[in-house]
Amino acid sequence: MLKLFAICLLFALANASLVEDFETFKEKFEKSYGEAEEHYRLEIFKENVELIQEHNAKNLSYTLGVGPFADLTSDEFGTQFGNKLLPKKPTITVKAPSLTLPSSVDWRQKGAVTPVKNQGQCGSCWAFSTTGAIEGAWFLHSGHLVSLSEQNLVDCDSECSGCSGGLMDYGFQWVIDNGGIDKESCYPYEARDDSCRFSKSCIGATISSYQDVPSGDADALKQAVAEQPVSIGVYAVPMQHYSGGIITEGCDGGVDHGVLLVGYGEKEGDHWIVKNSWGPGWGEDGYCRFSRKGNTLCIENSPSYPLI
């Protein structure tokens with residue numbers, strides 16, 4: 001009887017701890033649910049915590065943690081954040097001339113990268129990747145870092161589908177055809193589709209063209225990002241609970257999420273430095289690192305960058 005009581009007590013304490021962790025999670029990431037959904041989300045949270053603990057017990061090159069998506073199943077996460085990149089049309093790819101490259105590059109340290117943003121529950125990753133690459137190119141051209149409007153692209157780029165997905169190349173082409181893109185300060189992000197309100201008086205940057213990096217060419221990608229930040233597509237699903245370290249997963253699911261490549265390094269192993277658009281509460285303050293050994297999460301499949 002005492003043994004059964006002890007088991008019940010431990011079970012109750014474990015559940016109490018889980019509920020406490022769930023309440024902390026909800027407060028940190030500003031989550032709220034109706035009464036009927038609360039239990040369902042708690043059960044998913046429990047399963048994700050177990051998955052995170054099992055992964056971290058393996059002592060791999062990267063860790064998982066309780067982040068903003070710990071209340072979503074992998075299917076829900078994939079539906080919300082995956083499959084948001086449209087197929088590319090045939091374009092001319094340009095391989096940069098072979099150069100002697102530095103051992104590491106980090107455009108954040110050079111002032112070419114704006115703070116991490118958050119796309120919210122809108123499939124606009126492509127717009128954040130597009131603006132990030134243009135912000136970097138404009139900084140290198142003008143010496144000024146200007147935060148550009150993702151909402152401008154979501155609302156106005158008819159080649160893309162706003163919160164239902166898009167493509168960075170189409171975003172670049174829209175900026176070229178439109179004669180510029182507005183500053184974020186006068187066209188703020190809403191995380192929803194809205195009517196186009198572009199204003200020439202608020203243009204923050206212009207570009208003249210864009211180029212695709214040859215698909216699957218890691219050396220060409222390294223040369224490209226040594227020159228400026230680069231828009232890339234990746235496979236998002238394995239990134240759901242990422243909290244730190246170097247991701248090593250292969251290219252199993254195909255490109256479905258747009259992010260920004262801002263550099264590469266050698267510390268803790270050769271890696272790419274990637275800026276995401278899921279807020280600073282995800283990953284390494286909104287960033288993640290991918291192994292440069294193999295086409296990690298399809299990072300080499302469809303890179304491109306704007307030119308001024």
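## The largest pocket

Helix H2 (35–56) and strand S1 (62–64) each give at least two residues to the lining of the largest pocket. Helices (H or I, at least four residues) and strands (E, at least two) are DSSP runs, numbered from the N terminus. A pocket, on a 1 Å grid over the protein atoms alone, is an open set of points where a 1.4 Å probe fits, with protein on both sides within 12 Å along at least five of seven lines; lining residues have an atom within 4 Å of a point. H2 supplies six residues, the largest share of this lining.

The largest pocket holds about 350 Å³ of space. Its lining has 19 residues, and Leu51, Leu64, Val237, Pro238 and His241 are the closest to the centre. A volume here is the space filled by probe spheres set on the grid points, which are joined across faces, edges and corners. By class, nine lining residues are nonpolar, six polar and four charged. Ala, Val, Leu, Ile, Met, Phe, Trp, Tyr, Cys and Pro count as nonpolar, Asp, Glu, Lys and Arg as charged, and the others, Gly among them, as polar.

## Basis of the model

This is a predicted model, in which local features need pLDDT of at least 70 and side-chain atom pairs count only at pLDDT 80 or more, while totals for chains, interfaces and linings use all residues. Residues are numbered from 1 along each chain as its sequence is written, and side-chain values use heavy atoms, with hydrogens and water left out.

## The second largest pocket

The second largest pocket has a volume of about 300 Å³. Of its 18 lining residues, Lys31, Pro68, Phe69, Gln80 and Gln121 are the closest to the centre. H2 and helix H3 (74–81) are the elements that give two or more residues to this lining. The lining of the second largest pocket divides into eight nonpolar, six polar and four charged residues.

## The whole protein

The protein has seven helices and eleven strands. Its radius of gyration (over C-alpha atoms) is 21 Å, close to the 19 Å that the globule rule (2.2 Å times the number of residues to the power 0.38) gives for 308 residues, so the protein is as compact as a globular protein of that length. Along the principal axes, the C-alpha atoms fill a box of roughly 80 × 45 × 35 Å.

Of the 308 residues, 50% are buried, meaning under 20% relative accessible area with a 1.4 Å probe and protein chains only.

## Helix H6

In helix H6 (residues 168–178), the buried residues include Met168, Asp169, Tyr170, Gly171, Phe172, Trp174 and Val175.
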